[in-house]
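Please open the model in your viewer and keep the sequence panel beside it. The tour below goes from stop to stop, saying what to select and what is found there.

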Amino acid sequence: MPKALVDLLTVVLNGVTLAALYFVVASGFTLIFGLMRTTNMAHGSLYMLGAYVGVSAYDATGNWLAALVIGFAALAVVGGAIHLGLLSRMAGQDLRQALVTIGLSIIIGDLLLAKYGGLTYQIAPPAFAAGSVAIPFVVNGTYSAYRLFMIGAAVAVYGSLWLVLNRTRIGWYIRAGIDDRDMLSALGVNVSRVFLFVFALGAGLAGLSGVIGATALSISPSEDGRYLLSSLVVVIVGGMGSLEGAVIGALIIGLSEQIGLFYAPTYSIFITFVIMAAVLAIRPQGLLGRPA
Amino acid sequence: MTWARSQQGITTLAIVALLLLYPQVMPRFWVLSIAANSMILGIAALSLVFMAGYGGMTSLAQAALAGFAAYMLALLSLVPSTNATGSALGAGLPSIPGALIAIALATALGALFGAISSRSYGIYFLMLTLALAVGFYYIVLQNYDVFGGHIGFAGIEGPTGQPREDPPTFYYLCLAVSAAIYLGLRYLVRSQLGLTFQGMRDNPRRMAALGYRVGAHRVALFGIGGFVAGISGVLGAWYRGNISPGILDLNRTIEVLIVAVIGGLGYPIGAFVGAVLYTLIKVFASSVTIAGFSFDERFNTLVGLGFVVIVLVAPNGIVGLADRAYRAVTHRSGARRRAVDPLAVEAGLVPAPVAQPPDAPVIAGDDVPTGS
């Protein structure tokens, strides 16, 4: 196979695995936004908090899956607390909610810097996804098993969310709430409990993706901005509140970032933004978003 | 002339005299690090207050636009051979023409951002402008060919030379520019164009139905925001003498937002009040340690907590609080604060509300109709 093609296939695979991570991060963001119209500007900080919790949990247990579960659970609790303590008190005021979560992101970032310092941490991948896998069409003929595992993790997250949204009672409530919150409430459903569930789930997904990301890449104090940006761009391109949109958005962003990095290293982010602007020019609500 | 008006006139005169005398009596640190720095930050926050308060466009791209102007200034005014970073870039223009072109380019970039976001409202607009700002930061950080990567540029000098060597002159430059922008924007919001902006803020769909080109006006408003932010960026570059991606990172973006919110998003003067307060806290918190809690190390936690508290208890900021207290004391609250049912007015049940003057905007954002 010619080298140029092997390079391209490797870059595409890198893009898809990065997209898998971006999807898992953005899924929580878009879920929360879809139901509650709450823009959680602290989503990148929750990712970072989840990653650090994962680092500590891995140090304590030595078990990657335990770190993943603890990262999810801890952030679900934190998210629930943020929702109950702050955001539910200003329901419907989306600008104020965005401002409050910006304040929270500053506090979380600073406290994490105080606790963990400026060092870079990485979690060792689990035994079942360690090392590399032989793939004939990529550079050197091998590829990181963990990065392939991330694709599986993203598919699993998508599948679970799809099942919850489409096959469970709370999923009915969530979908009905996205369509007409007041009518759902009038039908006797305790909407504030649904909100609490969704916010905790969204924050938990941020924590889960933090552990996954800290294993694949690493975690250091300024990562919150990067993942807030990726989540924003993914949902802006894909359409806010749409899970399928997040899949498409994550693929576009992950691929354009990796392809850009390989072929035009200092302009890769610029390419991402040209795509975003082009999508917005044609569909202001994003590719799969519904008109607001 | 009524008593209230002459009282107001005397207050204004006293403030102007104080501002003019200030650099003559205060030490260099207070003239530059506190006053000039506050004004530069205040102008950036004013561009946000103007867009949010009068156009309903809460833009988080203002720090990026200011930083863009600073980079353009560096590229236009540096001489390649004397460039401290060893980069071969720089057009070698004198400082004033370089600054004017840089501000014009920031205006153009603002208009471009406006074109990208012209169909997004409220929270969508906020997210989009944040994405544009953070994206621009990463472009600057990543690009060594044009923006000098994480090093940036050094050796930028303004028309007044090094601010350190002549603090009063640089102070007067900042003061004159701040005053000109403040008065200019106040004039603008009372003009036909300013009223159109406020109409769009309150109901874009109705304005479109009346025949106004809402999209074009939003682009123009963003252009004005880019113009004001660009001026702040140019002054900031002259003040520091060097620039790096740090001047437009997420922290700076949030800093501008915090200053605007502390002062009050609906009050133009609040931008400067917020900037002075923020700068004072930032400078003096560093020397305070209470019970082992160093305010220097945990400054961001302090700022974040303060910001959350302000958003929770005083959404209209310090100036909003002062305004309310003043109205309560002088009993001038009354009808303009209360929502009055027009049918009740027609029926003669309640007096008609006093028309709201154009310089006291209502903060839109939560209730802006979405859709175009």
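## Starting with chain B

Select chain B, whose secondary structure comes to 14 helices and four strands, where helices (H or I, at least four residues) and strands (E, at least two) are DSSP runs numbered from the N terminus. This is a predicted model, in which local features need pLDDT of at least 70 and side-chain atom pairs count only at pLDDT 80 or more, while totals for chains, interfaces and linings use all residues, and side-chain values use heavy atoms, with hydrogens and water left out. Residues are numbered from 1 along each chain as its sequence is written, and chains are lettered from A and ligands numbered from 1 in the order in which they are written.

Of the 372 residues of chain B, 52% count as buried; buried means under 20% relative accessible area, exposed means over 50%, and partly exposed is what lies in between, with a 1.4 Å probe and protein chains only. Among the contacts in chain B with a separation of 6 or more, 76% are accounted for by residues 24 or more positions apart, contact meaning heavy atoms within 4.5 Å.

To see the contact, show L188(B), V189(B) and R190(B) on α6(B), together with Q192(B), L193(B), G194(B), L195(B) and Q198(B) on α7(B). These contact residues divide into four nonpolar, three polar and one charged, where Ala, Val, Leu, Ile, Met, Phe, Trp, Tyr, Cys and Pro count as nonpolar, Asp, Glu, Lys and Arg as charged, and the others, Gly among them, as polar.

Stay on α7(B) and colour its buried residues, which are G194(B), T196(B), F197(B), Q198(B), G199(B), M200(B) and R201(B). What covers them includes α2 (28–55), α6, α8 (204–209) and α9 (214–240) of chain B.

## A glycine in α9

Which residues does G226(B) touch, not counting those up to four places away in sequence? Select G226(B), which lies in helix α9 of chain B, and then Q62(B), L65(B), A106(B), T107(B) and G110(B), the residues it touches. At 0% relative accessibility, G226(B) counts as buried.

## Cavities

Now consider the whole structure, where a search finds four cavities of 30 Å³ or more. On a 1 Å grid over the protein atoms alone, a cavity is a set of points where a 1.4 Å probe fits but cannot get out, and lining residues have an atom within 4 Å of a point; grid points are joined across faces, edges and corners, and a volume is the space filled by probe spheres set on the points.

The largest cavity holds about 90 Å³ of space. To find it, select A66(B), G233(B), R240(B), I247(B) and R252(B), the closest to its centre of the 13 residues that line it. The elements that give two or more residues to this lining are α2, α3 (62–77), α9 and α10 (250–263) of chain B.

Select H43(A), found in helix α2 (residues 43–61) of chain A, which is buried, with a relative accessible area of 0%. Leaving aside its neighbours within four places in sequence, H43(A) is in contact with V25(A), G28(A), F29(A), G202(A), A206(A) and S231(A).

Move to R37(A), in the loop between α1 (3–36) and α2 of chain A. R37(A) has a positive phi of about 60° although it is not a glycine, and it is partly exposed, with a relative accessible area of 31%.

End at N140(A), in the loop between β1 (132–134) and β2 (142–144) of chain A. N140(A) has a positive phi of about 70°, although it is not a glycine, and is exposed, with a relative accessible area of 73%.

How values were computed. 1 Å grid on protein atoms, 1.4 Å probe; cavity = no way out; pocket = protein on both sides within 12 Å on 5 of 7 lines; lining within 4 Å.
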